[in-house]
Structures are given as structure tokens and as C-alpha cells.
Amino acid sequence: MPDSPLILPPLLIAVLLLISGAAKVRHPEETRSAFSQLRLPGLLTDSPAPRVLPWAEIVLALALLAVPAPFAVVVAVVALALFVSYLVVIVRALGFGYPVTCSCFGRLGLGEVTRRTAVRNVLLVVLALLAVWSATAPDSVVVRLATARAETWLWLALVVLTVAVVVVTFGGTKGGPLASPIATDDAAEGEIVDYARQPLPYAALEDETGQSLSLRSLVSNGATMLVFVSPGCGPCATPIERIPAWDELLGPVAVRAVVSLPLETTLAAVPHLAERILHDPQATLARIFGIGTPGAVLLGGDGLLAGGPVQGSTEVLAFVDDVHAELVEAGVVEAGEISPGQ
């Protein structure tokens, strides 16, 4: 068989597994959260599987590169089975009826499960099938690369260059930090103002009665902090628990939970968020801000962004602390403990 082109599938699969595994290792809580969000059996979610998976991906990636025939075929088949499993899980999640985040690559990207995710996973399965074919070669991928001719290295370099151009042109995270709290100019209203504020996007959320509220109407009575969460999301547990306390402690700054799941489902799981929760249909606003769960953004009462967005449990807690400190410094609220004890 033409060996040179078939070096590429196991190489790509190995790189993807290494990136995925490394991203999950950095944030292990995201993997357990993904198991819960994707509604995998409790036997898996509560087992060591979420902790083992990142390391298994890394080991599998290295094995794809280093193991020679005939064992290379076994390794490639394991990789194929893994990607088929991922595809089945993603297709199943598309039928949940509400947006799901999977943290498939840790915190890289939003991790939202869409039809595009399913198409990506189909392509990965095809790539894994080609990797099985490639594994029938007598030498390992590493050996084949070491003995490859200049022409092989040239087209590999061209592939890398093409991928780099595509990533630079179309990649990146949608949204990104639009502002951060710096100083308070309007202490009377508790407004958090920064140096590079931007207008609120044209988007709407729904309250518990189903009424649609534009962001501008939402802040008509003053600044509002939106905390994007999801029941069952491991890193969301602390923000979900503290939202009522934050709403009290931040004084004129209202704090509201934002979820993409149906409100009935959410309130059944976290009833203490009643009257402090908003629905983001199809996670539209989360997409605009380019954040997953947990995440937070501060909307100014003047119709401008006043802080964030930020993403991650630690980042959200620090964000709330920063806003609270600014309000205390401005004399709007009294000093007090807001994180560990609330």
C-alpha cells in the first residue's frame, strides 16, 4: 500500500488525543462535569473513569505512535472504539432537547454539543478507520517517520501549514473578555466602570413566567451580574450555592443565574434559585459572550458592559470578589466575607 500518506491518520489521531488528554489533566473537574452533563451512567460518573480518561488518552496517543505491527492494529482498533463511543455519546446528547456542554477538550473552546460536534466526531471515526489501515504497516509510525524520504516530510509540512492557516483564519474563541471591573464612577448606583466598555449585545433572556427580557430592560433598575451555570455541572456547584448570598451582599448589583436548560428542570434540581434565575434559550447569550459554564458577566445599568466575561469556577469567584471590593471601596456596600463562608 502507499505508506507515506497513511502516516497522517495515526499522527492526527495521536495529536488530538494528546491535546485532549492534556487539557483534561489540567482541569480534571471538567471531565467529571462532562460525564454528568452528557448523562452517562452513574456507575461511570461516580467511578475513577473521569480521572483516568485523560491519562488513557495520552497513553493511547503514545502507543499509536510507537507500537509496531501486529500490536499496532490492536491499539488502532482501541482508538477506533473510543471515537465510536464518543460519537454515540454526542449523537445521544443531541436528543436531550436542550444545549449540552461536553468539555471534550477540557476548557479549549466552548464545548457545546451541536450537529457540528457530531460531524466532527464522524470525521474522527473515519480518520480512526484509516489509522487501523495504517497500523498494518510493518513498522511503527515513529520508525516510518525516521526513515521517511524528503518528499514525505515536505507534504507533511504542507499539511501542517494548511491546518495552521485554517486555524488562524477561522479559529479562536468567540466573544472573549470584553471588559473587566476597574473603577467606580457612579457609586450612587453601584455601577462598575472600566476603561474599554462596550454596548450590551442585542439579546434577550426569559424569566420564570416565560416573559422575554432584553438585556437593556434587565438592567433598567441597575447593574446586573449574570452567572451562567448548569445543574449537574461539577464546577458550577459552588457558584450555584452562593448566588443568593451574592445577590444580597452586592447591594445594588443584582445577581441572576442563567441556564439553558428548561427552568422547570433547573428549579427542580436547585429550588433555592427561584426568583433569581433566567433562561437563555438555545444558549444564545452564552454563545455571544463566548463562555461556557460556569461563567459570569457584569451588565452596567447604563447599557454598557461593566465587567467580564469570565469562565471557570475559580475565575467566577474571583470576579465576584473583585466587584464586591470595588463596591466596598466606593462606599456602596459594607465590607464583609463573600467567598469562603457564603
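Predicted model: local features only at pLDDT ≥ 70, side-chain atom pairs only at ≥ 80, totals over all residues.
**Helix pairs**

Two packed helices are described by the angle between their axes and the distance between the axes.

| Helix pair | Axis angle | Axis distance |
|---|---|---|
| H4 (residues 49-66) and H5 (residues 71-93) | roughly 140° | within 9 Å |
| H5 and H6 (residues 115-134) | about 165° | 9 Å |
| H1 and H6 | about 125° | 8 Å |

Take H4 and H5 to begin with. Their axes cross at roughly 140°. That angle makes H4 oblique to H5. The crossing is left-handed. H4 brings Leu-53, Glu-57, Leu-60, Ala-63 and Leu-64 to the contact. H5 answers with Val-75, Ala-76, Val-78, Ala-79, Leu-82 and Tyr-86. By class, ten of the contact residues are nonpolar, none is polar and one is charged.

H5 also packs on H6, at an angle of about 165°. Angles over 145 degrees count as roughly antiparallel, and H5 and H6 are therefore roughly antiparallel to each other. H5 passes H6 in a left-handed crossing. On the H5 side the contact uses Ala-76, Val-77, Leu-80, Phe-83, Val-84, Tyr-86, Leu-87 and Ile-90. On the H6 side it uses Thr-117, Ala-118, Asn-121, Val-122, Leu-124, Val-125, Ala-128, Leu-129, Ala-131 and Val-132. The tally for this contact is 16 nonpolar, two polar and no charged residues.

H6 has a further partner in H1. These two helices pack at an angle of about 125°. That makes H1 oblique to H6. The crossing of H1 past H6 is left-handed. Pro-9, Pro-10, Leu-12, Ile-13 and Leu-16 are the H1 residues involved. They meet Leu-124, Leu-127, Ala-128, Leu-130, Ala-131 and Ser-134 of H6. Ten residues of this contact are nonpolar, one is polar and none is charged.

**Nonpolar cores**

In soluble globular proteins, nonpolar side chains tend to be buried together. The largest nonpolar core in this model has 28 residues. Leu-11, Ile-13, Leu-17, Leu-64 and Phe-83 have the most contacts inside it. Helices H1 (8-26), H4, H5, H6 and H7 (141-146) each give two or more residues to this core. H5 gives the most, with eight residues.

What does Leu-17 touch, leaving aside its neighbours within four places in sequence? Leu-17 is in contact with Glu-57, Ile-58, Leu-60, Ala-61, Leu-64, Leu-82 and Phe-83.

**Two loop residues**

Pro-252 sits in the loop between helix H10 (237-249) and strand S6 (254-259). Is Pro-252 buried or partly exposed? Its relative accessible area is 33%, so Pro-252 is partly exposed. Pro-252 and Ala-223 are 29 residues apart in sequence. Their C-alpha atoms are 7.1 Å apart in space.

Gly-312 lies in the loop between strand S9 (305-311) and helix H13 (313-329). Buried means under 20% relative accessible area. Gly-312 has 1% relative accessibility, so Gly-312 counts as buried. Along the chain, Gly-312 and Pro-235 are 77 residues apart. A C-alpha to C-alpha separation of 7.2 Å is found for Gly-312 and Pro-235.

How values were computed:
Residues numbered from 1 in each chain as written. Heavy atoms only, no water. Axes fitted to C-alpha atoms, helices over the stretch in contact; angles between N-to-C directions. Helix = DSSP H or I, 4+ residues; strand = E, 2+ residues; numbered from the N terminus. Parallel < 35°, antiparallel > 145°, perpendicular 65-115°, else oblique. Left-handed = near helix turned anticlockwise from the far one by under 90°. Contact = heavy atoms within 4.5 Å. Nonpolar A, V, L, I, M, F, W, Y, C, P; charged D, E, K, R; others polar. Buried < 20%, exposed > 50% of the residue type's maximum accessible area, 1.4 Å probe, protein only. Core = buried A, V, L, I, M, F, W, Y, C linked by side-chain atoms within 4.5 Å.
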